[in-house]
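Morning, everyone. Please have the viewer open. Let's walk through some strands together.

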Amino acid sequence: ICTGTTADEVCEQAISDNVPPTLTINASDFPVPLPATVQGGEVGAILPTGLVTAQKGEFETPEVVCGKTADLAGDPSAAVPLGEFLGTGLGVSALTCLATAENDATGTAEFSVDVFDDVPPVLGAVPASFSVEREAADGTNLATTLQAAAAVWSNAANLPAGSDNIDADVEVSCDLAPGSLALFTAPGPTDTLVTCTATDDAGN
């Protein structure tokens, strides 16, 4: 728009910039594998800083926020900045990332992540070794003695417990089932090594 005389002219040029920033997903594997974590009782993952970058022109690098595609459809504020926790659950989830430039134009990128659990559970409250003596040196009452040992082993207070970073209930199994009779070889004593294993829902 130009006004004034030829000798004294003032011109104003209006430039409309509605070009959004360009988002780049910095990953080689898709869905992008992410280790699972838990926050506030919810399973999800920490979105790595630098997983997605945004560029507008030569100098502008808008902040990137990401969320589950299904959640953002109803609530755009469900997106979180990179480097923060996003509740996804285990398995594959579709994500949408957004970046808004200074011109208020928003660029988007969509991809999937695979949140996995590879952390094995931990066995705790492992009982100390215990021994049960025969009541007679000649071996009499041996059956009663072994049953007494089995009773000790069947007591829940003497059984190991499993805990996991994801699963609330962890299955614990032992190669000598609680309450089972241990082997005895005369003249004794006979040691029985019990091996217990904790397994979570992911098979760790």
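Two strands pair if DSSP finds at least two bridges between them. Strands are DSSP runs of E, at least two residues long, numbered from the N terminus. This is a predicted model, where local features need pLDDT of at least 70, side-chain atom pairs count only at pLDDT 80 or more, and totals for chains, interfaces and linings use all residues. Residues are numbered from 1 along each chain as its sequence is written, and side-chain values use heavy atoms, with hydrogens and water left out.

Start with β3, residues 22-25. β3 and β7 pair antiparallel, over four bridges. Which residue in β7 is the bridge partner of threonine 24? Threonine 53.

Now look at the faces of β7, residues 52-55. Val52 and Ala54 sit on the covered face. Thr53 and Gln55 sit on the uncovered one. In a regular strand, side chains alternate between the two faces of the sheet.

Next, the open sheet. Three strands, order β5-β6-β10, antiparallel pairing. The edge strands are β5 (37-39) and β10 (85-87), each pairing on one side only. From one strand to the next, the twist averages 50°. Three bridges join β5 to β6, residues 42-46. Threonine 37 has glycine 44 as its bridge partner in β6.

Last stop: valine 92, in strand β11, residues 91-100. Is valine 92 buried or exposed? Exposed, because its relative accessibility is 53%; the cut-off for exposed is over 50%, with a 1.4 Å probe and protein chains only. Proline 31 is 61 residues away in sequence, yet 7.1 Å from valine 92, C-alpha to C-alpha.

How values were computed
Buried < 20%, exposed > 50% of the residue type's maximum accessible area, 1.4 Å probe, protein only. Axes fitted to C-alpha atoms, helices over the stretch in contact; angles between N-to-C directions.
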